Amino acid sequence: MGVLYACTPADCVLSHQSEQREWLARSVAEIDLAVETGFRGSGAGTALLEHAERYLSDQGVRVFVAKVDAEDMPVMRWYRHRGYRVASTGESCAIDTPAGEMSINAGPAHERRWRLAIKAPGHAVARGLRGLRLATNTPT
């Protein structure tokens, strides 16, 4: 039916300064979600995502990110309807952390072009001149 995998975005964590690594490892989770074609539209994906967000929030995660195929408009709409902000292709999201500003993106493109979907319950994710920005200390 469906599967959801959540983990620390290791490449992102390792690409930042040691002061930011601890916050990132504790506060950011990368979501990878797949639902079999015949079950799409049944609520299975929403149920998996909501359960994962609740569980991870209880563990201290404050920022959820997913990589979305840049050509998959239905999936981008699906994430938007669940409170995620979808970046433009190649666009990153700046995040204020206790150790200073850092950024997160969808990673290397390889053969596909990815877009970042990001959600931080209780905090604004806004589009600015240089891409998305999440202020972790500014509630919505």
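Two strands pair if DSSP finds at least two bridges between them, and strands (E, at least two residues) and helices (H or I, at least four) are DSSP runs numbered from the N terminus. You're looking at a predicted model, where local features need pLDDT of at least 70 and side-chain atom pairs count only at pLDDT 80 or more, while totals for chains, interfaces and linings use all residues. Residues are numbered from 1 along each chain as its sequence is written, and side-chain values use heavy atoms, leaving out hydrogens and water.

**Stop one: the sheet.** Select S2 (28–35) and S3 (63–69). S2 and S3 run parallel, paired over 4 bridges; click Ala29 and you'll find Phe64 of S3 opposite. Now widen the view to the open sheet of 5 strands, ordered S1-S2-S3-S7-S4 with mixed pairing. Its edges are S1 and S4 (85–86), each pairing on one side only.

**Stop two: the helices on the sheet.** Show H2 (residues 18–27), which lies across S2 and S3 at about 35° to S2. Next comes H3, lying across S1, S2, S3 and S7 (114–119) at about 160° to S2. Those angles run from 0 to 180 degrees between N-to-C directions, with axes fitted as lines to C-alpha atoms, for helices over the stretch in contact. Contact means heavy atoms within 4.5 Å.

**Stop three: Thr46.** Beyond its neighbours within four places in sequence, Thr46 touches Trp78 and Arg82.

**Stop four: the largest pocket.** A pocket here is an open set of points on a 1 Å grid over the protein atoms alone where a 1.4 Å probe fits, with protein on both sides within 12 Å along at least five of seven lines; lining residues have an atom within 4 Å of a point. The largest pocket holds about 690 Å³, counted as the space filled by probe spheres set on the points, which are joined across faces, edges and corners. Select Leu33, Ala34, Val35, Val75 and Tyr79: of the 27 lining residues, these are the closest to the centre. S2 gives the largest share of the lining, 6 residues.

**Last stop: the hairpin.** Pick S5 (residues 93–97) and S6 (residues 100–104), antiparallel over 5 bridges. S5 and S6 form a hairpin with 2 residues between them, and Asp96 sits opposite Glu101 in S6.
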